[in-house]
Amino acid sequence: MHCSCVWSSRTLSPALLPRLLSHAGCWAPGTRPRGIWSSPRSLASAVETTQPIPLPSQARVVICGGGIVGTSVAYHLAKLGWTEIVLLEQGRLGAGTTRLCAGIVSVAKPISIECKMADYSNSLYEHLEEETGVKTGYVKTGSLCLAQNQDRFLSLKRLASRLNVMGIPCNVIKPKEVSKLHPLVNIHDLVGALHLPGDAVVSPPDVNHALATAAAAHGVQIHERTTVNHVMMEKGHVTAVETDRGAIECEYFVNCAGQWAYELGQASETKVSVPLHGCEHFYLLSKPLAEPLQPRTPVVIDMDGRIYVRAWQGGVLSGGFEKNPKPIFTEGRNQLEIQNMQEDWDHFEPMLSALLRRMPELEVCEIQQLVNCPESFTPDMRCLMGETPGVHGYFVLAGMNASGLAFAGGAGKYLAEWMTYGYPTANVWPLDIKRFGNLQSSRTFLRHRVMEVMPLLYNLKVPRWDFQTGRQLRTSPLYDRLDTQGARWMEKHGFERAKYFIPAGKDLLSLDASKTFYKPDWFDIVGSEVKCCKEAVCVIDMSSFTKFELTSTDDQALELLQHLCANDLDVPVGHIVHTGMLNERGGYENDCSVVRVKKNSFFIISPTDQQVHCWSWLKKHMPDDPQLHLEDVSWKYTALNLIGPRAMDVLGELSYVSMTPEHFPSLFCKDIDFLGRASLLQQRQEGVSRRFIMLVLEDHDTELDLWPWWGEPIYRNGELCGTTTSSAYSYTLERHVCLGFVSPPSLDGSPAAVTPDFINRGDYEVDIAGQRYPAKAKLYPFSSLFAQQRRRKDEMELSNFQGK
């Protein structure tokens, strides 16, 4: 490819780097302004001194990491009234990834909780200067997410629907409107775009400085050049932090160490898994254009081109996420302060080519520098948040997947709430660090997975796609047999599970490569399997499910389960109870089936991905009693689920035990005392402000219309009332069934209770990528709908017969 860019230098002089970084709003090593903190007594090294301020001997919480994430946690804890907060930074504040961050704050994120965090961060950064007096470089530019094909455009429309639910302004626009908003964008290959007018750019080191200043003004002690060597624990609780300047006794420790979070997690008496890995991340800085680009020019996010572009000092800053990333820091401890790493123009060339295709006028610009900085990524592209399993008081906030600036404000707020109240004000379940186990924390796994994750940030992700790396970590003993029968596999918590089976004669490669927002190619295959389950008999390998054994010498095991579970576990030996483990608010922490195998022995079965979460919840509430024992036995058992009307016949052939109902009585439950009971009784008396309902789509063409998957807005009588949490096609009803939460409008600012009348008397619609489809709502299972469906078929058959 011909490129007429003028390179200023491939090897920049040492004297030039500090000047370039200061122009970008960054501080190079040794150039940070001195004496600029509003509360210098709270900072160990606000100015260079020969006598550093001694560390306190004790604190309530110690935060490790002086980047934008760590300072955000300190700021929000202080805002919630915490005292005795100590923030430690091994180098200088903001000298890690924060210093070289591209400075874009965008709400265009894959899942709703990430959109909420970014939206809060944007609002926080906008008002920080007013609160602290520290200039943050905040400019509300807006952003343009471009689509080069219809599938990408559909994904942007789905995103727009979710953002509208949250009240975040956005507009789906045509290519011509893109030209009006950005003078340099080539629109010839675009089919549309999403305009987010509230997005912004900032100077990340200045935001970091503002957060630290505000935290210090609220009494937070900040100590630079202090390295955390070891987190000390006793009986599963954090007790102290050992540093190179002495020890600090504390109740809580927060790992916000970014690139170093993995190694820091290993530096504890009980090792803490923090599954993240670093990769090189590149962006270029140009010199001012002949006609300088205005500061408020919208940010351009061209995911099909794998690049982003923002205005910078009259020129542009442009980076991206290449298909062949370069993992770093695979062995040993990382450097104290992150420097601009080695340039690699050959590696950056595909992104440079994409930039010039999107903005051809940049061909004559002069490039000032190629920045190469580290970013840390997690196995599923979502950040790590929350209290670690097995160690009380040890919290983590790290693994930002190149969105640290956008997430830091909101993530810091939610983690501070979690530490203060025991839970955050938003549902952060998808970000909980307990979603990972030890298998996802090995260096080998992380190195391979991060090479897949980084390109996926900008890849088009259709529903139900699967990771390709780090597979076959856990398999059932039946794996090989099922694989030879044509099983297609998905991964859940590291465990391989069969999705469906390919019939003989099907093109396996084309089916695996099929990706769509419409009717999937596996539709008829799954339909046949459902028919077999309904009319005959099928066996499902459920070995991946989590399995625990809880035993005791006396009644300790029963007493613990009676406290944690919603249903009565004091049932005869051999009985199964389907129940949930509730928290103090009456919400679910875990759903499970419990088998009383002996008087004081229980077998607990939970979903695959709740293995770590369920274990942690049980251990958290177990008394310190040597006679009570909990063991994870997931690997010990193969579980087969036999279903269908012929299931009892098959079991009868295989077992001497009678399969009559007398030997398998129906399940039952009683009112008991459990964790969360008071909250449930209060909800029964006062009502709840939102309800989980089922919706059946009507006037929706399965063959031609977009399918619902999750996150679609729900409208009642034309007004937004909630969102779907999941959707699936019902082969019995021959329509789509959606599940979701709905809430009535608030009364005088107070949430109103959801009544059956509210649900039953509304006219509902589900919004799929901007198009609304009518839906029938039900609070309870659709037994009546199944009857209606049968009657409708009978009437149609009778009508056809009479017509003949």
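Two residues are in contact when heavy atoms of theirs lie within 4.5 Å. Keep that in mind for the views below, which come from a predicted model.

**View 1**
The chain has 804 residues, and 53% of them are buried. Its secondary structure comes to 19 helices and 36 strands. Take the contacts between residues at least 6 apart in sequence: 72% of these join residues at least 24 apart. The average pLDDT is 85, and 85% of the residues score at least 70. Some parts call for caution, though. Residues 1-50 stay under 50 in pLDDT, and the model has 96 contacts beyond four places in sequence for them. The stretch 668-673 is also below 50, with 15 contacts in the model beyond near neighbours in sequence.

**View 2. Tyr125, a buried residue in helix α3.**
Now zoom in on helix α3, which covers residues 112-132 and holds Tyr125. Is Tyr125 buried or exposed? Its relative accessibility is 0%, so Tyr125 counts as buried. What does Tyr125 touch, once its neighbours within four places in sequence are set aside? The list is Ile68, Val105, Thr136, Tyr138, Val202, Val207, Leu405, Ala408 and Gly409. Thr136 sits eleven residues from Tyr125 along the chain, and their C-alpha atoms are 7.4 Å apart. Gly409 takes part through its backbone too: its nitrogen lies 3.3 Å from a polar atom of the Tyr125 side chain.

**View 3. Thr132, also in helix α3.**
Stay with helix α3, where Thr132 is found as well. Thr132 has a relative accessible area of 18%; the cut-off for buried is under 20%, so this residue counts as buried. A polar atom of the Thr132 side chain lies 2.8 Å from the backbone oxygen of Leu128. On the backbone of Val134, the nitrogen lies 3.1 Å from a polar atom of the Thr132 side chain. Leave out residues up to four places away in sequence, and Thr132 touches Ala210 and Ala214.

**View 4. The nonpolar cores.**
Tyr125 turns up again here. The largest nonpolar core has 94 residues, and Ile63, Tyr125 and Met385 are those with the most contacts inside it. Which helix gives this core its largest share? That is α9 (residues 404-421), with ten residues. A second, separate core has 31 residues, including Leu55, Leu88, Ala257 and Leu276.

**View 5. Strand β15, covered on both faces.**
Strand β15 is made of residues 299-302. Val299 and Ile301 point to one side, Val300 and Asp302 to the other, and all of them are buried. Strand β5 (residues 143-147) pairs with β15 in the parallel sense over three bridges, and here Leu144 has Val300 as its bridge partner. Strand β16 (residues 307-312) runs antiparallel to β15, and three bridges join the two. Together β15 and β16 form a hairpin with four residues between them, and Arg306 in the turn has a positive phi of about 65°.

**View 6**
Follow the strands around and you get a closed barrel of six, in the order β31-β34-β33-β32-β35-β36, with antiparallel pairing. From one strand to the next, the twist averages 40°. Look at β33 (residues 719-730) and β34 (residues 735-742): they pair antiparallel over eight bridges. Ala728, for one, has Val737 in β34 as its bridge partner. Helix α4 (residues 150-165) packs on this sheet and touches β32 (713-716), β33 and β35 (764-768). The direction of α4 makes about 140° with that of β33.

**View 7. An open sheet of three strands.**
The last stop is an open sheet with antiparallel pairing, in the order β10-β11-β12. Which strands lie at its edges? They are β10 (228-234) and β12 (246-249), each pairing on one side only. The twist from one strand to the next averages 25°. Strand β11 (residues 237-243) pairs with β12 in the antiparallel sense over four bridges. Among the bridge partners are Glu242 and Ala247, the latter in β12.

How values were computed:
Residues are numbered from 1 along each chain as its sequence is written. This is a predicted model: local features need pLDDT of at least 70, side-chain atom pairs count only at pLDDT 80 or more; totals for chains, interfaces and linings use all residues. Side-chain values use heavy atoms; hydrogens and water are left out. pLDDT is the predictor's confidence in each residue, from 0 to 100. Two strands pair if DSSP finds at least two bridges between them. Axes are lines fitted to C-alpha atoms, for helices over the stretch in contact, and angles run from 0 to 180 degrees between N-to-C directions. Buried means under 20% relative accessible area, exposed over 50%, partly exposed in between (1.4 Å probe, protein chains only). A polar contact is a pair of N or O atoms within 3.5 Å; within protein, one must be able to donate a hydrogen and the other to accept it, and residues adjacent in sequence count only if both atoms are side-chain atoms. A nonpolar core is a set of buried Ala, Val, Leu, Ile, Met, Phe, Trp, Tyr and Cys residues joined through side-chain atoms within 4.5 Å.
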